[in-house]
Amino acid sequence: MTTERTLNLVLLGPPGAGKGTQAKMLTTCFKLPHISTGEILRAAVKEQTPLGIKAKELMDMGALVSDEIVIGIVEERLTKSDCEKGFILDGFPRTLHQAVELKKILLVRGKAIDHVISVEVAKDELLARITGRLSCHSCGKGFNQVFDPSASGDKCDGCGGELYQRDDDNEDSMRMRLDVYEQQTAPLAAYYADDSLLRTINGSGSIEGIQRNILDILGNRSEWIC
Ligand code: ADP
Ligand code: ZN
C-alpha cells in the first residue's frame, strides 16, 4: 500500500476552477509530474495524431472523450518512472468509471490515491473566467483578458511566448462542459468522500491563498518543498 512518502494527488473541480494553475505551482514545489488529460489531448490535437483527430470535435463541443481512450492515456503515463514518488492528476478522473479504473490501475501497482482536493467556484464566476481565458503556447501559463491580463500585452509575461484562446473556451462549449461536469464529474465528490479522501476548498480567492489552503491539507511535507 502507499507509503507516507508518496503524494498521489487528484484535483477535482469544474472547468475554470484553477486546477491547472494550482497543479503547475504544486509541481514546482513537490517536483512531481503534473498530469493533465486536457493538455495531453490538446498536444495530440496539435500534432494531428489519430487520437487527436478523433478527439478534436468532441473537445471543441465540450463533450468528453471516451473513457477507454483517457484511461489508456493515464495508465501509460502513470507507469513512467517520474510518477514513483507521486503525481498530480488534473482533469482525470472525470467519470465514475474513470475513478474506479484509476483505483484498479494503482492497486495492481501497490499504490493508492492519498488526497483528493475539490476546488469549488460558483458557475457565474467560472463562465466569466473561461470566456476571457488566454494561455501561453510555450509555458502553459494562464491569463484572463479582464481579471488577470499579461503585463506584456499579447505576449506571456512569464516567458514571452504567444498567447492564444483555446478552441473550446467559448460560451457554448463552456455551458456544455459545465453540464457535463455537473452530471458526470460532480458525483465523484461523494465517491471519494466515501473513501474519506475528499477535501473541499474555495477556489474563489487569490491564487496564493488557495495554494496555502492546499498545502495545509497536504500537511507537513517540508522535506519535499522547494
Ligand atoms: P477544462 O478547462 O474544461 O477542465 P481540460 O483541459 O481539463 O479542460 O479538458 C479539455 C477537454 O478535454 C474536455 O472538455 C474533454 O473533451 C477532454 N478531456 C480531458 N480530460 C478528460 C477525461 N478525463 N475524460 C474525458 N475527456 C477528457
Ligand atoms: Zn509563457
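Me: Which residues does Glu75 touch, not counting residues up to four places away in sequence?
Reply: Glu75 touches Ile105 and Arg109, with residues up to four places away in sequence not counted. Contact means heavy atoms within 4.5 Å. This is a predicted model, in which local features need pLDDT of at least 70, side-chain atom pairs count only at pLDDT 80 or more, and totals for chains, interfaces and linings use all residues. Residues are numbered from 1 along each chain as its sequence is written, chains are lettered from A and ligands numbered from 1 in the order in which they are written, and side-chain values use heavy atoms, with hydrogens and water left out.

Me: Why is Glu75 called partly exposed?
Reply: Buried means under 20% relative accessible area, exposed means over 50%, and partly exposed is in between (1.4 Å probe, protein chains only). Glu75 has 31%, so it is partly exposed. Its place is in helix H4; helices (H or I, at least four residues) and strands (E, at least two) are DSSP runs, numbered from the N terminus.

Me: What makes His137 buried, exposed or partly exposed?
Reply: The relative accessible area of His137 is 43%, so the residue falls in the partly exposed class. His137 is in the loop between E5 and E6. Leaving out residues up to four places away in sequence, His137 touches Lys46, Glu162 and Tyr164.

Me: Why does Thr37 count as buried?
Reply: Thr37 has a relative accessible area of 4%, which is under the limit for buried, so the word applies. Thr37 is in helix H2. With residues up to four places away in sequence not counted, Thr37 touches Val74, Asp90, Gly91, Phe92 and Arg94.

Me: Is Thr185 buried or exposed, and how do you know?
Reply: Thr185 has 4% relative accessibility and therefore counts as buried. Thr185 is found in helix H7. The residues it touches, not counting those up to four places away in sequence, are Leu12, Pro93, Arg94 and Val180.

Me: How do you know that the buried residues of H6 line one face of the helix?
Reply: Helix H6 (residues 123-131) has Leu126, Leu127, Arg129 and Ile130 as buried residues. Seen down the axis of H6, the buried residues fall within an arc of 165°, so they line one face. The arc is that of the directions from the helix axis to the C-beta atoms. Their cover includes strand E5 (133-136), strand E6 (142-144) and helix H7 (171-185).

Me: Which residues touch the most other members of the largest nonpolar core?
Reply: They are Leu78, Leu89, Leu102, Ile113 and Tyr192, in a core of 27 residues. A nonpolar core is a set of buried Ala, Val, Leu, Ile, Met, Phe, Trp, Tyr and Cys residues joined through side-chain atoms within 4.5 Å. The largest share of this core, five residues, comes from H4. Apart from it lies another core, of 23 residues, among them Ala23, Cys29, Val121 and Ile210.

Me: What makes an atom pair between ligand 1 and Ala63 a polar contact?
Reply: A polar contact is a pair of N or O atoms within 3.5 Å; within protein, one must be able to donate a hydrogen and the other to accept it, and residues adjacent in sequence count only if both atoms are side-chain atoms. An oxygen atom of ligand 1 is 2.6 Å from a polar backbone atom of Ala63, so the pair is within the limit. A nitrogen atom of ligand 1 lies 3.1 Å from a backbone N or O atom of Val65. In Arg94, a side-chain N or O atom is 3.0 Å from an oxygen atom of ligand 1. The protein covers 97% of the 540 Å² of accessible area that ligand 1 has on its own (Shrake-Rupley method, 1.4 Å probe; for residues, only the protein chains shown count as cover).

Me: Why is Gln48 called exposed?
Reply: Gln48 has 60% relative accessibility, which is over the limit for exposed, so it counts as exposed. Gln48 is in the loop between H2 and H3. Its phi is near 55°, a positive value in a residue other than glycine.
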